[in-house]
Amino acid sequence: MKKIKLISMCTILFIVLMCTTSICIDNNEEYGKDVWINNMSDNDLKIRVVDVNIVEERINIGDSYDASAIITMNVANNGLYDVELSNIDIYPYQGGKPIKYFVTTSKDNISGFIGNIKSGDSKNIKIGVALHNTKESIKLEMSNIEDITNEKVMKSIKIK
């Protein structure tokens, strides 16, 4: 009887320890965590944050902001159809307040959610976001207007 109780206690302890380890591994906050956005079927568009470059300089673009950041992302189209990148809506937030974002073009080299991505291709894009401060993380709310379920995906990016 004592042997059965001992084995049961060890099994329960083992399960609890494995669950805690799994939760810790799952909460890993890195730039490279993938975000999947639906197009015509599940998991068509994969967006991966590659880099965040922070410029700690006050800017004024209608409102005054303490800093700005350039977020580099890789967008991969794993679906069967071409995707118009302007159909991906993105809304950045910091500290629960919306912040402004912008894309840049130079010499016909577009670096934002503009253009077309063919099936099986991937593109690196860059967007700029104005920041209220450099301590709080940036939350990106993304959705595809062609998605019939109108699913929104949130991505949190630690900047420091």
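I take buried to mean under 20% relative accessible area, exposed to mean over 50%, and partly exposed to mean in between, with a 1.4 Å probe and protein chains only. By that rule I looked up Asp-66 and noted it as partly exposed, because its relative accessible area is 37%.

Before going on, I noted the basis. The model is predicted, so I keep in mind that local features need pLDDT of at least 70 and side-chain atom pairs count only at pLDDT 80 or more, while totals for chains, interfaces and linings use all residues. Residues are numbered from 1 along each chain as its sequence is written, and side-chain values use heavy atoms, with hydrogens and water left out.

**Entry: the salt bridge**

I counted a salt bridge where a side-chain nitrogen of Lys or Arg is within 4 Å of a carboxyl oxygen of Asp or Glu. The structure holds one. In it, the side chains of Asp-66 and Arg-58 meet at 2.3 Å, N to O. Arg-58 is exposed, because its relative accessible area is 55%.

**Entry: the whole chain**

I read helices (H or I, at least four residues) and strands (E, at least two) as DSSP runs, numbered from the N terminus. The chain has one helix and 15 strands. Of its 160 residues, 31% count as buried. I then looked at contacts, meaning heavy atoms within 4.5 Å. Among contacts with a separation of 6 or more, 66% join residues 24 or more positions apart.

For the surface I used accessible areas from the Shrake-Rupley method with a 1.4 Å probe, where for residues only the protein chains shown count as cover. The accessible surface of the chain is about 10,300 Å², and 55% of it belongs to carbon and sulfur atoms.

I took two strands as paired if DSSP finds at least two bridges between them. Four strands form an open sheet in the order 8-7-14-15, with antiparallel pairing. Strand 8 (97-98) and strand 15 (152-157) stand at the edges with a single partner strand each, so one side of each has no neighbour in the sheet.

I followed strand 7 (residues 88-94) next: it pairs with strand 14 (residues 138-144) in the antiparallel sense over seven bridges. Ile-90 stands opposite Met-142 in strand 14, and Tyr-91 stands opposite Glu-141.

On its other pairing, strand 7 meets strand 8 in the antiparallel sense over two bridges. Tyr-93 has Pro-98 as its bridge partner in strand 8. The two strands form a hairpin with two residues between them, and Gly-95 in the turn has a positive phi of about 65 degrees.

Glu-141, in strand 14, is buried because its relative accessible area is 16%. Leaving aside neighbours within four places in sequence, Glu-141 is in contact with residues including Asp-89, Tyr-91, Lys-152 and Met-154. Lys-155, in strand 15, is buried because its relative accessible area is 7%. Lys-155 and Lys-139 are 16 residues apart in sequence and 5.6 Å apart in space, C-alpha to C-alpha.

**Entry: the nonpolar core**

I defined a nonpolar core as a set of buried Ala, Val, Leu, Ile, Met, Phe, Trp, Tyr and Cys residues joined through side-chain atoms within 4.5 Å. The largest has 26 residues, and those with the most contacts inside it include Val-52, Ile-71, Val-129 and Leu-140. Strand 2 (45-55), strand 5 (67-77), strand 7, strand 13 (122-131) and strand 14 each supply at least two residues of this core.

I looked up Val-129 and left aside its neighbours within four places in sequence; its contacts include Ala-67, Ile-71, Pro-92, Tyr-101 and Ile-138.

Asn-124 is found in strand 13 and counts as exposed because its relative accessibility is 53%. Not counting residues up to four places away in sequence, Asn-124 touches Met-73 and Asn-74.

Tyr-101 lies in strand 9 (residues 101-102) and counts as partly exposed because its relative accessibility is 36%.
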